[in-house]
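Let's take a walk through this structure together, starting from the inside and moving to the charged pairs. Have the model open beside you as you read.

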Amino acid sequence: IIKPEWFEACLDAHKIEHLKETFAPHGFRKAAYDPMNDGGDAHGYAQSKGPVVERVLELRKGEIDVGCDWASELALDNNVDWFTWDTDGMGTGLKRQISLAFDNTKTDFHGFSGALSGKGQDNAKKVYIPIDKEESKPKTYADTFKNNRAQFYGILADRMYNTYRCVVRGKYIDPENMISFDTDGIENIDVLRSELCSIPKKDTGSGLYQILSKAD
């Protein structure tokens, strides 16, 4: 769902001279933690402010409590306003540890479940695809995506394509709908490229947008 040329266009787009003002950091600084599950993957940490992804790091050792401490300490060191973590699988039981980590700090936190589906997913009732014809009904996020995982990967793909259109084709795009990866803060750009550019879309009988599962 993400083409390599889109990914390349997002690398340091915020450092391009005529786009620096467009990508000026604003709003909350957010961080996300993906715990290491069984299967040989890694603990993951990503951090952004506005449309700029400032850091992407991984930790390939330690149990889930070690990984959670690592991620929460990074968030505190980087003055993060919002912290989220994957509550599916291994992350289900981390709320107490995360609550203690951010107690008496300015950082708010919440869990994220990629498995939430249908009308239970984030943004379910919001319009995803507006239309011009008054007699037609605009499609909501719930009408478009199978679950949160599909929704947010779809939004990421949209942002990366928009950045490609801006950087390569010179189109004007609202900066709120773009994304830039700061290569100075990304530990392994080749791994990130491989991860993002190999995500396949799954054909479904319902017509909803769905991402192939990790197992598949």
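What follows looks at the nonpolar cores and then at the salt bridges.

Please keep in mind that this is a predicted model, in which local features need pLDDT of at least 70, side-chain atom pairs count only at pLDDT 80 or more, and totals for chains, interfaces and linings use all residues. Residues are numbered from 1 along each chain as its sequence is written, and side-chain values use heavy atoms, with hydrogens and water left out.

Let's begin with the cores. A nonpolar core here is a set of buried Ala, Val, Leu, Ile, Met, Phe, Trp, Tyr and Cys residues joined through side-chain atoms within 4.5 Å. Buried means under 20% relative accessible area, exposed means over 50%, and partly exposed lies in between (1.4 Å probe, protein chains only). The largest core has 24 residues, and the members touching the most others are Ile2, Phe7, Met160, Ile179, Phe181, Leu192 and Leu196. Two or more residues each come from α1 (4-10), β3 (52-59), α5 (148-167) and α6 (189-196); helices (H or I, at least four residues) and strands (E, at least two) are DSSP runs, numbered from the N terminus. Helix α5 gives the largest share, six residues.

Leaving aside neighbours within four places in sequence, Phe7 is in contact (heavy atoms within 4.5 Å) with Met160, Phe181, Ile189, Leu192, Arg193, Leu196 and Cys197. Another core lies apart from the largest one, with 17 residues that include Tyr45, Leu57, Trp70 and Ala71.

Now for the charges. The structure holds nine salt bridges, each a side-chain nitrogen of Lys or Arg within 4 Å of a carboxyl oxygen of Asp or Glu. Asp190 and Arg193 form one of them, at 2.7 Å from N to O. Why are these two about one helical turn apart? Because Asp190 and Arg193 are three residues apart in helix α6. Arg193 is partly exposed, at 22% relative accessibility. Elsewhere, salt bridges with shared partners join Asp12, Lys15, Asp182 and Asp184 into one network.

The pair of Lys106 and Asp81 also meets in a salt bridge (2.8 Å, N to O). Lys106 sits in the loop between α3 (95-101) and β5 (108-112), and Asp81 in the loop between α2 (64-77) and β4 (82-86), so this pair ties together parts that are 25 residues apart in sequence. Lys106 is partly exposed, at 46% relative accessible area, while Asp81 counts as buried at 16%.

Finally, Arg60 bridges to Glu58, with their closest N and O atoms 3.3 Å apart. Arg60 is exposed at 54% relative accessible area, and Glu58 is partly exposed at 28%.
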